[in-house]
Amino acid sequence: QKRKSTDSMAKKKGKGKKEGGDTDGLKLSDADKEKNDKNTVLAMEVERSFTLAVKADAEHEQRQMKERTKQMRSQLEEEKQKTYEITRDMTRQYKDMQDELSDKVVKLEATIKNLEDEMLKDRAEFQDTLRKKDQVISDQETEMKNLHSKMEGMAAEFGDMLQRTLGKMKERIELNSANFEEQAVPINKRLEEYRIKGEH
């Protein structure tokens with residue numbers, strides 16, 4: 001618009017020079033000069049008004065641009081603040097979760113260590129129990145073997161003693177039997193005598 005107005009004013013000025021200036025050596029009258037001066041002033045006022053309008057539009061546009069820029073900057077700052085707060089909250093939550101997981105890991109490791117220690121202790125006690133059991137069984141087997149050997153020895157000794165005793169008893173029985181037979185005749189004779197006497 002400014003360029004069109006400038007071109008229009010230039011045409012008017014050119015036209016005014018043709019109308020008001022010396023053309024082909026003709027001199028303008030005072031009325032024409034006054035008219036030409038008025039046209040020039042009017043053109044200058046129009047141009048000034050146009051310039052002021054353009055300047056006002058430009059200033060208005062500039063103010064709107066500054067306002068939009070200000071709003072965009074404000075929105076940007078708000079977004080940056082929101083992003084910062086969200087990032088801070090997420091960082092805090094992540095740190096809390098990390099600390100919680102670290103505590104759980106430490107507790108689990110401690111629990112595993114205690115279980116391993118208890119398992120090793122139980123295994124050692126179990127091995128010791130097995131060793132003691134094997135020792136008891138071995139001692140009992142040894143004692144049973146010893147008792148069996150003693151019983152066999154006692155049985156053999158008792159058998160020998162029984163054989164000797166039976167032999168001695170047999171000898172005594174045979175000796176007593178011989179003495180009894182020797183004493184049996186007089187006794188029978190006496191009994192017979194008593195019987196006869198009784199009949200008479």
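User: What pLDDT does the protein average, and what share of the residues score at least 70?
Analyst: This is a predicted model, in which local features need pLDDT of at least 70, side-chain atom pairs count only at pLDDT 80 or more, and totals for chains, interfaces and linings use all residues. Residues are numbered from 1 along each chain as its sequence is written, and side-chain values use heavy atoms, with hydrogens and water left out. pLDDT is the predictor's confidence in each residue, from 0 to 100. The protein averages 79, and the share scoring at least 70 is 74%.

User: How many helices and strands does the protein have?
Analyst: Both are DSSP runs, numbered from the N terminus: helices are H or I with at least four residues, strands are E with at least two. Helix 2 covers residues 30-199. The count is 2 helices and 0 strands.

User: What percentage of the 200 residues count as buried?
Analyst: Buried means under 20% relative accessible area, exposed over 50%, partly exposed in between (1.4 Å probe, protein chains only). Leu166, at 43%, counts as partly exposed. Of the 200 residues, the buried share is 4%.

User: Which residues form a salt bridge with a closest N to O distance of 3.2 Å?
Analyst: Side chains of opposite charge can pair when their charged atoms come close. A salt bridge is a side-chain nitrogen of Lys or Arg within 4 Å of a carboxyl oxygen of Asp or Glu. The structure holds 9 of them. The pair at 3.2 Å is Asp128 and Lys132.

User: Is Lys132 buried or exposed?
Analyst: Lys132 lies in helix 2, as does Asp128, 4 residues apart, about one turn of the helix. Salt bridges that share partners join Asp128, Arg131 and Lys132 into one network. Asp128 is partly exposed at 26%. With a relative accessible area of 52%, Lys132 is exposed.

User: What separates Lys104 and Glu100 in helix 2?
Analyst: Their side chains meet in a salt bridge (3.8 Å, N to O). Lys104 is partly exposed at 45%, and Glu100 is partly exposed at 44%. Because they are 4 residues apart in helix 2, the separation is about one helical turn.
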